[in-house]
Amino acid sequence: MPKNTKVTQREHSNEPVTESVADLLSLEHPMDYKSSQMSMGLSPGSTAPGKALLPSPDPDAEDGRPAWNNKLEYILAQVGFSVGLGNVWRFPYLCQKNGGGAYLVPYFILLLLIGIPLFFLELAVGQRIRRGSIGVWNYVYPRLGGIGVSSLMVCGFVGLYYNVIIGWSIFYFFKSFQYPLPWAECPIERNGTQAIVVPECEKSSATTYFWYRQTLNITSTIDDTGGLNWKMTLSLLVAWIMVCLAAIKGIQSSGKVMYFSSLFPYVVLFCFLVRGLFLKGAVDGIAHMFTPKLEKMLEPQVWREAATQVFFALGLGFGGVIAFSSYNKRDNNCHFDAILVSVINFITSILATLVVFAVLGFKANVMNEKCVVENAEKILGYLNTGVLSRELIPPHINFSHLSTQDYAEMYGVIKTVKEDTFGQLGLDACLLEDELNKSVQGTGLAFIAFTEAMTHFPASPFWSVMFFFMLINLGLGSMIGTMTGITTPILDTFKIRKEILCVVCCVIAFLLGLLFVQRSGNYFVTMFDDYSAGLPLIVVVILENISVAWIYGTKRFMQDLEDMLGFRPYSFYYYMWRYVSPAILLLLTAASVVEMVVSPAGYNAWVESEGSERFLNYSPWALTMAYTLVVVAMLPLPLVFIVRHFNLISDGSNKLSVSYRKGMMKDISNLEEQDEQRFILGKNPSETPSPMPAHRAYLGPGGTQEMTNTNYGTSTKTGYQNIGSPESEL
C-alpha cells in the first residue's frame, strides 16, 4: 500500500478512526484500469504498479465532469427549465377556474409542503452523486434504478410534443411581421360575382379560423390523419434545429443560451403588464382574477389541481433538475437554490397571471361592446318592424351612443314586458362577467384568445412579435432542460460524444414528431399531454421520495446534506420527506387514477361545418395508444426491479463517478481487503459505513439520539464488493 495514504498514517497514530473506507479511497487519484490487471491502477503518468499517489486537491475534478462556468448560468438554467409555457397559460386558467385569489392559498401551501422539499431533494441527490437520473437512482437503490429510465422516457415523450408547440409559435412569429395581422379579419371568398365571408370563419371568429384552418388545417377526427401539414413540418424542423444548436455542447452552450432565453421573457412580461394596465378594461380583468371565491377552497378538486400544478411547475421527476445540479460542485448551497428557483417560479406565475387577465379584461370589454352594438341593431330592427313598441325604450337612451349600462337597462325592460315571447327575440344579455368567464387554457389561450386581444392593440404586429418570441424563448428554456434530462443519463452510462448524441436524438425526435404535424396532429398533442406525463411522473416522484426517505434513510440523507452543505438542514425537511410529502403524493396518485377512470377519455374535435369544437370519445385504437403511453412510461420501474432482484443484470454502480466507483470495486484480492478493513475500522466488511461522507453525526430532528451506521453495508449479490452501498439498510 502507498506510504502516504491515510491507512498507513493511521497505523502509527493513536487518533480515533472516523473516516469510512470510501472516504479514504476517495482521496486517491483515478485508476488507470488498462495498465493494471487488478483494476487497482495508477495515476496518470505513473510508471510502476504500487507507486505512491498524491491526494486529489479537488474531488469534483476527479471524474472530469463538466461544470457550470458560474452560479448565475446554473440558476438561469434551472429557472429556464422550470418556468415554461405552463406558467403563462395554465396557471392563469387554474386561478380563474378555481376561485381566483382563493386558489393562491392552496397553491402556496402545497408549494411549501411538496414543491420546495422535493425540489430540494432532487437538487441535493444530483449534486451529491454527480450523475444524471439513471446514475443517481442506481446508486441510491439499484433495484429502483428504473426511476431514472422512466424519467428519461417521460422526458422523451414530453419533448416530442412540447417542441411542436414551439414550432407553432415560430409559425405565428413569422406571420406577425405584417399589418394588419393575418388573423385580424375573416378571409373573403368569391362565389360567382359575390364576395362572401368564409362560412367557417363567420360561424367562429377570425383568430379561431386562422388557428384551426390556416395554421393546423385540422381534420374533423383523430381517425382521419389528413397527411402532413408542410407548414407545420417546416416549423417543427426549425424548432429542432434551434434546440440542437442550443444543447449540442452540453452546459457549455446551453448555459450561454440561458442568459437570453431565461431573461428575455421577463422583459416581455413587464412590457405587456405596463401596456396592459393602460388598456380599457384591464382593471376589470385583474379584479375578476383576484376576487376570491372562498367557498372553492373546500372543494377537493381545487387542491388536486393545485398540487398537480406545483408538481409540474418545478419540473419534478423529469430528470432535468437532477441533470443540471449534477454539474455543480459538491459544496454548492443547493438549499438556497431550491428556495430561490421556487420563489422565482411562483412570482413568474403571478406576473403572467396579471398580464393575461389584464389583456383578457381588455378583450372582454371589446367583445362586450361588440355584443351591445349587435343586439342594439336587432332591437332597432324589431322597432322598425313593429315587433317591439317604442314605449319599451327608456326616453334617455340614444342608440347612436349606447353604453353597456343603457343596454342592460333596456334589455331588462324588454325581458320583463315580453316575458312569454322573449326567447324568440334572440337577444343576449351582454354581461361583462360572462365574457370574463370565457377564459380558456392551453393553446386556446395563446393562439386564440391572446391573439384576438392583440389585434385591437395599437401597433399590434409589434406586440404579436414580442409575444410569440417570448413563447419561443420560454419553450426553448424548458426544452434545453428536457434534452439535458435525456442526454446526461445516456452520457453517464455510455461513452458517446455529446455532440453526436445530441444530433442523433434531435433527428430521431424530429422524425417521431411528424406524428404531431399531420393535419390531425393537434389531437395527438392533447393525447400525449394528458397521458404520457401525468400519472407516470407522479409515480416517479413518489418512488424518488420513498427511495431516499425510507430506503436510503432520512437521517442518513440529512447527515450527507450536513456534510455536503456545511450546515444542518431544518428538521422541517425531515418530516416533509419522511411523512408529509409521501402522503400528499399518494393522495395525488389516487386522485389522478380516479380522474382518469371517471373522466371520459376523449378530445375536443373541430367541426368545420359548425365552426366550433365538439367533444368526441377516442376510438378503440386511439384509446389503446393512450393507455400504452402510460404503461410504457412506467414499465421500466417493475422491469428493472425484477431483473435486479434476481441478479439478471448489473446494479449499474460501475457507471458512477470515480469517487463512488472506488467505493464499489470488484471483488479482487478479497482477503487482503477484508483484513485491511478490519484493521482500519475494527469491523467486518459487511459492517462498513456508507460511502456518503459522515464526518459529523446527525442527531435527527430531535437532536437527542445519534445515528449509527451499524446496519449499513449489507452486501448484494451483484458481483461487487459493495462498501457501504445505500441499499444496505434493507
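How much accessible surface does the protein chain have, and what share of it belongs to carbon and sulfur atoms? The total comes to about 31000 Å², and 62% of that belongs to carbon and sulfur atoms; areas here come from the Shrake-Rupley method with a 1.4 Å probe, and for residues only the protein chains shown count as cover. The model is a predicted one, so local features need pLDDT of at least 70 and side-chain atom pairs count only at pLDDT 80 or more, while totals for chains, interfaces and linings use all residues. Residues are numbered from 1 along each chain as its sequence is written, and side-chain values use heavy atoms, with hydrogens and water left out.

On to the overall make-up. The protein chain has 30 helices and four strands, where helices (H or I, at least four residues) and strands (E, at least two) are DSSP runs numbered from the N terminus. Of its 730 residues, 56% are buried; buried means under 20% relative accessible area, exposed over 50%, and partly exposed in between (1.4 Å probe, protein chains only). Taking contacts (heavy atoms within 4.5 Å) between residues at least 6 apart in sequence, 79% join residues at least 24 apart.

Next, the cysteines. A disulfide is a covalent bond between the sulfur atoms of two cysteines; here the term is given to a pair of cysteine sulfur atoms within 2.5 Å. Searching the whole structure turns up two of them, and with bonded cysteines counted along the chain the pattern is 1-2, 3-4.

The torsion about the S-S bond of Cys-186 and Cys-201 is about -80 degrees, which makes the disulfide left-handed. As for cover, Cys-186 is partly exposed at a relative accessible area of 24%, whereas Cys-201 is buried at 1%.

The other disulfide is between Cys-371 and Cys-430, with S to S 1.9 Å. This one runs from helix H17 (residues 334-385), which holds Cys-371, to the loop between helix H19 (422-425) and helix H20 (432-436), which holds Cys-430, so the pair ties together parts that are 59 residues apart in sequence. A torsion of about -75 degrees about the S-S bond of Cys-371 and Cys-430 makes the disulfide left-handed. Cys-371 is buried at 12% relative accessibility, and Cys-430 is buried at 13%.

What about Cys-502, which is in no disulfide, and where is the nearest cysteine sulfur? That sulfur belongs to Cys-244 and is 4.2 Å away. Cys-502 is buried, with a relative accessible area of 2%. For Cys-505, the closest cysteine sulfur is that of Cys-506, and at 6.9 Å it is too far for a bond. Cys-505 counts as buried at 17% relative accessibility.

Now for helix H15 (residues 300-313) and a residue that touches it. H15 has 14 residues and reaches 20 Å from its first C-alpha to its last, close to the expected 20 Å, that is, 1.5 Å times one less than its number of residues. Ten of the 14 residues of H15 are buried, so the helix is largely enclosed by the rest of the structure; among them are Arg-304, Glu-305, Thr-308 and Gln-309, along with Val-302 and Phe-311. Just after H15, Gly-315 takes a positive phi of about 70 degrees.

Tyr-107, from helix H6 (residues 104-129), is buried at 1% relative accessibility. Leaving out residues up to four places away in sequence, Tyr-107 touches Ala-306, Gln-309, Val-310 and Ala-313, as well as Phe-91, Asn-345 and Phe-346. Tyr-107 and Trp-303 are 196 residues apart in sequence, yet their C-alpha atoms are 7.6 Å apart in space.

Ser-325 is placed in helix H16 (residues 320-325) and is buried at 0% relative accessible area. Its contacts, again without residues up to four places away in sequence, are Tyr-74, Gln-78, Glu-122, Leu-123, Gly-126 and Gln-127.
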